[in-house]
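Dear colleague,

I am passing on the structure below, and my notes on it follow. Please look through it before you read them.

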Amino acid sequence: MAGQCPACPHHLLPISLGLFQGALLLFFALFVTYDEPSAQAEDTNLVANQLYGIFPFFQDIQVMLVVGLGLLLTFLPRYGLSAVTHNFLLLNFSTQWALVLQGLLHHLQHGQVHLDLHNLLTSEFAAVTVLISVGAILGRTSPCQLLVVAACEVPIYLASEWAILTRLGVLDVGGTITIHVFSCYFGLGVSKALFGAARQPVHPNETPTPHSDFLSLLGTLILWVFWPSFVAILCQPGDAQHRAILNTLLAMSASAVTTVVASSLLERDGKLSPGHLQNGSLAGGVVIGAVADMAMPPVAALALGSLSAVACVLGFRFLTPLMARKLTLQDQCGIHNLHGLPGILGAMASAVAILVTSKDTS
Amino acid sequence: MAGQCPACPHHLLPISLGLFQGALLLFFALFVTYDEPSAQAEDTNLVANQLYGIFPFFQDIQVMLVVGLGLLLTFLPRYGLSAVTHNFLLLNFSTQWALVLQGLLHHLQHGQVHLDLHNLLTSEFAAVTVLISVGAILGRTSPCQLLVVAACEVPIYLASEWAILTRLGVLDVGGTITIHVFSCYFGLGVSKALFGAARQPVHPNETPTPHSDFLSLLGTLILWVFWPSFVAILCQPGDAQHRAILNTLLAMSASAVTTVVASSLLERDGKLSPGHLQNGSLAGGVVIGAVADMAMPPVAALALGSLSAVACVLGFRFLTPLMARKLTLQDQCGIHNLHGLPGILGAMASAVAILVTSKDTS
Amino acid sequence: MAGQCPACPHHLLPISLGLFQGALLLFFALFVTYDEPSAQAEDTNLVANQLYGIFPFFQDIQVMLVVGLGLLLTFLPRYGLSAVTHNFLLLNFSTQWALVLQGLLHHLQHGQVHLDLHNLLTSEFAAVTVLISVGAILGRTSPCQLLVVAACEVPIYLASEWAILTRLGVLDVGGTITIHVFSCYFGLGVSKALFGAARQPVHPNETPTPHSDFLSLLGTLILWVFWPSFVAILCQPGDAQHRAILNTLLAMSASAVTTVVASSLLERDGKLSPGHLQNGSLAGGVVIGAVADMAMPPVAALALGSLSAVACVLGFRFLTPLMARKLTLQDQCGIHNLHGLPGILGAMASAVAILVTSKDTS
């Protein structure tokens with residue numbers, strides 16, 4: 001459970017977390033307000049309609065991060081309770097930390113910070129990168145170490161997101177590059193830095209049982225169901241958002257079926273590996289993020305979903321053991337297969353889509 | 001796990017599934033596009049509002065089918081992981097197959113197929129019939145056999161749905177007849193065809209434990225919560241949809257309480273049977289589908305919910321053992337009690353409601 | 001399972017429940033109708049938009065009560081299935097009973113009762129008080145006793161809610177006082193009345209295991225995610241509702257982090273206690289209900305969330321053992337720590353907020 005940390009002095013975790021909460025309170029007291037209340041009835045209607053347009057998507061994403069991702073990480077038996085607890089704590093800490101950093105940046109430029117659901121959402125997206133990255137070091141780190149990773153990753157993510165979206169002008173509505181690719185390589189770097197030298201043997205707690213695989217698959221299914229909301233929440237309302245939802249549904253359906261095909265063909269006994277299904281079914285959601293709202297034919301979404309599932313299963317089968325052997329790089333949850341490879345595929349698809357579109361219009 | 005099939009040659013499953021994915025890609029590449037983007041700002045607002053009206057309902061149904069129904073099938077211990085996996089694979093395969101068949105029919109009549117959330121939803125409804133039917137043969141069939149069942153059932157469902165709704169003009173907003181009654185008798189037919197001759201003894205894996213009953217009950221509760229969305233999603237927005245939601249809530253609440261009454265009275269020790277609760281609580285949702293949006297008094301919804309729960313519990317107590325003994329007909333999940341009997345009750349209620357209404361207006 | 005009741009005669013439970021269902025049917029047949037259908041197209045649009053504004057919130061609350069609260073109560077191993085079953089039965093019985101009582105009151109004043117989603121929701125809120133109260137006597141009572149508690153508590157709640165909201169004019173959009181404080185002290189009274197004399201030793205079934213703690217934490221997480229819908233559903237659409245959602249999100253995030261801090265500091269081994277996390281994370285939702293839609297700065301929501309988590313953890317650590325020792329008052333789920341202390345804190349915050357606001361405007 002959270003709190004046990006052999007490396008660091010007793011009570012370091014609660015005291016530093018407590019100080020952080022105090023600083024958060026101080027920052028909010030000094031700089032953060034809500035928007036002024038709408039003066040007119042028309043504005044009130046507008047606020048209500050905007051809220052009804054974003055809030056159900058927001059709740060879906062909350063379910064994904066708190067319940068779905070938490071369950072996905074329970075594939076190590078005896079570590080389930082800790083995995084869910086750490087995921088929950090990291091989500092809250094990182095979101096608050098991102099709120100402070102985003103608020104500070106905004107304050108330096110514009111003065112008072114006006115909090116709304118959109119700010120909270122972008123802070124939560126920053127927290128998602130932490131939750132993905134720590135998948136590489138699941139079960140090997142104390143809560144203190146996890147909080148240090150979160151404290152470092154959030155500002156680097158905010159800088160990288162600003163560079164990619166604002167400076168380079170990359171379109172990435174579903175966070176394929178800014179969230180998935182970034183957090184994958186950040187997490188692998190952390191794993192290499194912490195455990196690179198030591199070749200740890202596989203711990204008996206780290207072999208999934210049918211029950212832990214079942215719980216983890218439940219997490220996958222929850223993520224699979226709500227992924228369209230994650231991709232579509234920041235889209236332009238109307239056609240683009242409708243298309244993003246459809247593309248995500250098609251890509252995820254294709255990756256689910258293709259995962260079964262690829263895993264059954266690759267495994268020696270012809271059986272589907274639970275680990276492949278838990279991750280491969282979600283690869284379509286990662287790959288589609290960069291292109292979901294673009295004007296492309298539906299077949300492209302299906303093809304990307306299938307390709308990313310194949311990449312993910314091949315990654316688990318060949319690349320992860322290779323990386324562990326050659327690079328002494330442990331990737332406990334296989335984040336490189338779920339977020340890295342499909343993310344790169346999505347980035348390439350985005351480049352192709354933009355080239356094709358600009359050729360069409362020129 | 002999916003993939004183990006003693007009867008059929010190695011790799012038959014992944015190869016045929018892979019070929020199917022290829023054919024799907026080809027079909028989409030040739031015939032399927034999205035709607036043209038809306039030209040005007042007004043249209044964009046309309047598209048956005050339509051999306052916000054249907055998407056939360058759609059997500060609820062996805063949770064029901066992927067998480068709720070998957071969990072409901074886990075009452076056989078040691079078979080939980082497979083049950084959830086097969087449910088997920090069948091849902092994806094059948095939805096894709098229904099998309100192809102619906103698209104082909106549309107293509108022959110109108111040329112290019114325009115994909116939207118409504119098409120995906122009706123294809124998913126076709127998949128629901130498969131998921132219900134295979135409940136009769138749960139735990140006795142290989143993934144290959146399940147896919148063959150799905151491949152056969154989807155076209156027959158589409159034809160029967162067309163005949164019932166378009167030719168006969170039956171009103172069935174919640175799929176009581178088209179989905180529940182159809183899939184029940186299709187599933188019983190499949191069970192009879194596959195296992196009719198052999199009287200299989202009960203396998204020890206097939207006796208529920210408290211933990212597997214608990215997981216299955218969780219699935220029931222998820223289905224119970226989201227059922228109103230399933231019934232109301234295709235209703236006329238406004239009063240009819242509001243009434244459909246209320247009628248479904250009343251019917252399901254009545255069937256939950258009545259199940260406890262009926263089961264405790266029938267069981268010898270006066271204890272509530274977990275199997276009865278898992279199914280009886282949902283009977284109200286099945287029965288109400290045919291009449292949910294009709295102008296009937298609220299008491300009718302309560303009465304139908306109670307009646308269907310009684311029918312379901314009586315079915316489990318007397319009819320299922322009788323069918324197994326006299327007809328050598330195995331019904332593993334009791335789909336005849338949950339979908340067959342309440343479905344027939346709903347069809348009768350629909351006929352009565354239409355007779356009463358036409359008498360009132362004449 | 002439901003039905004086993006050593007104290008009362010065989011079949012008392014199903015027969016009395018069955019009579020209640022019959023009375024419910026009679027009452028609905030005589031007095032309850034739906035609203036007249038909207039005559040004009042504009043009204044239809046209005047009904048549809050109102051429905052889309054309330055229905056996703058309503059579904060979230062259903063998930064909280066049926067799945068989230070059910071799971072939260074499973075921390076006693078071997079009692080999980082019963083806890084979820086009783087929770088489900090009590091929710092349905094109490095909602096129906098509240099519908100009858102509210103309908104009777106309305107009938108005496110206005111004649112015919114028009115049922116809509118809003119009536120169902122307020123009846124469900126009455127049921128919530130029952131579900132909270134029985135947490136004090138979890139695992140020690142038969143279903144018959146639980147139904148008697150529900151039958152008594154619902155009318156007393158309706159009277160107290162009317163007195164607090166209508167007579168005293170207290171603002172309490174999230175039910176902090178009317179639901180949480182009321183049900184806590186009602187539940188403690190029931191526990192004292194039933195088990196006050198006997199000092200029951202701790203039963204071995206009543207010691208949580210890692211798996212039961214895990215399931216209970218899942219329930220906490222589901223409640224945590226959907227709590228903003230619970231607080232905001234009855235708010236004025238527009239700014240007030242937006243603010244209520246944001247305040248709840250902030251308060252719950254603060255209470256999650258603060259619970260980790262407080263629990264790790266208080267426990268001797270520096271480890272986070274699962275029981276503290278299961279309850280403390282939700283304290284922010286209880287405290288914020290009374291003030292969520294008021295015009296207060298965001299920092300107040302954070303501060304209230306942190307304070308309530310500290311109060312909750314201190315309550316578990318010191319007050320619950322003290323109450324058991326000095327007052328022979330058993331509080332199995334610690335409802336006094338989750339609903340009582342944070343509820344009182346919320347009531348005090350509400351008084352302060354109103355004083356400050358009235359000073360500002362005068």
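Between chain C and chain B an area of about 4,400 Å² is buried, and carbon and sulfur atoms give 78% of it; buried area here is the accessible area (1.4 Å probe) that two parts lose on being put together, summed over both. This is a predicted model, in which local features need pLDDT of at least 70 and side-chain atom pairs count only at pLDDT 80 or more, while totals for chains, interfaces and linings use all residues. Residues are numbered from 1 along each chain as its sequence is written, chains are lettered from A and ligands numbered from 1 in the order in which they are written, and side-chain values use heavy atoms, with hydrogens and water left out.

The contact (heavy atoms within 4.5 Å) takes 51 residues from chain C and 51 residues from chain B. Only 4% of the interface residues of chain C are also interface residues in chain B, so the copies meet through different surfaces. Between these two chains the count of salt bridges, meaning a side-chain nitrogen of Lys or Arg within 4 Å of a carboxyl oxygen of Asp or Glu, is zero.

As for symmetry, a rotation of 120 degrees with 0.0 Å of shift along its axis superposes chain C on chain B with an RMSD of 0.0 Å, when the copies are fitted by least squares on the C-alpha atoms of residues with pLDDT of at least 70 in both. That is the relation of a three-fold axis. Pro56(C) is the residue of chain C that comes closest to this axis, its C-alpha lying at 3.9 Å.
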